[in-house]
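I set out to record what I looked up in this structure, entry by entry. The entries follow the order in which I consulted the model.

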Amino acid sequence: MTPPLPEPLPADPLPVVAAWLAEATASIRNATAMTLATVEPDGRPSARMVICRGFDPQAGWFVFYTDRESAKGQALAAHPYASLVFHWDAFERQIRVDGPVTPAPDADSDAYWATRPHDARLAAIVSAQSRPLASRAALLDKIAETAKRSSADLPRPPRWGGYRVWAERVELWVGQPARVHDRALWTRTLARASDEFRGGAWRATRLQP
Ligand SMILES: Cc1cc2nc3c(=O)[nH]c(=O)nc-3n(C[C@H](O)[C@H](O)[C@H](O)COP(=O)(O)O)c2cc1C
């Protein structure tokens, strides 16, 4: 059984998040996959999986990479806020994170792009994510065609890059016997400083399951 959260609760939830991510990553494939919920331009919610490619517990952001002209990119342009959910059944743990979203710095997107295999770069360059496609064969043809006439290094297209989700609310959940699960919520105020946010002190509250 996974132990419940400490009593009293830690002042800052992000070191706990870091420890949980490290534990999950050590034994679970794609452990940093997370649900990303956004608000569509028309105000409706929409959720999909993405991979968390970085987390800075000091600054308080989580980063994922995507096509910024995709449906999620358009949602974030209209409403720059997101909710994230991680869940690892083997550990009976859930993490929820809510907060504002900013584009990741270009240097970070370039650095992550440089780690992507050639095929993955090619696919990202050719695929206009979330747009209709006449057939799968049409996309494969376009990939083959682009591969023939592109330079070997395949630079990052400007529409492809990262988004940082800044932790303003963090909820940790641990499954416990007899469904008396353990939950705690941390909230703080974020102050915007150009493309970043600075977090105030966290307030921690245990919640009924
Ligand atoms: C496990 C998993 C991980 C994924 N990771 C990413 C990712 O990191 N970035 C991304 O753009 N799409 C990722 N996808 C695909 C998205 O779920 C989604 O299909 C795509 O981003 C288009 O979403 P949108 O139309 O809402 O913009 C992933 C899918 C799965 C199942």
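Which of the 15 residues around the ligand come nearest? I worked from a predicted model throughout. I found that T66, S70, A71, K72 and S130 come nearest to the ligand. I then listed the elements that give two or more residues to this shell, and they are β2 (45-51), β4 (61-67) and α2 (71-78). I noted that β2 gives the most, with five residues. Sorted by class, the shell holds seven nonpolar, six polar and two charged residues.

Next entry: helix α1. I checked the length of α1, residues 14-27, against expectation. At 1.5 Å a residue, its 14 residues should span 20 Å, and the end C-alpha atoms lie 21 Å apart, which agrees. I recorded L14, V16, V17 and W20 as the buried residues of α1. Seen down the axis of α1, these buried residues fall within an arc of 145 degrees, so they line one face of the helix. I looked for what they pack against and found β6 (93-103) and β8 (169-174). On the face of α1 turned away from the buried side, I noted the exposed residues P15, A19, A22 and A26.

Last entry: the nonpolar core. I found that the largest nonpolar core has 31 residues, and that L84, V97, Y163 and V165 have the most contacts inside it. Strand β4 gives the most to this core, with five residues.

Definitions and conventions:
Residues numbered from 1 in each chain as written. Predicted model: local features only at pLDDT ≥ 70, side-chain atom pairs only at ≥ 80, totals over all residues. Helix = DSSP H or I, 4+ residues; strand = E, 2+ residues; numbered from the N terminus. Expected span 1.5 Å × (residues − 1). Buried ≥ 20, exposed ≤ 12 C-beta atoms within 10 Å, placed from the backbone. Arc of directions from axis to C-beta. Contact = placed C-beta atoms within 7 Å. Near = placed C-beta within 6 Å. Nonpolar A, V, L, I, M, F, W, Y, C, P; charged D, E, K, R; others polar. Core = buried A, V, L, I, M, F, W, Y, C linked by C-beta atoms within 7 Å.
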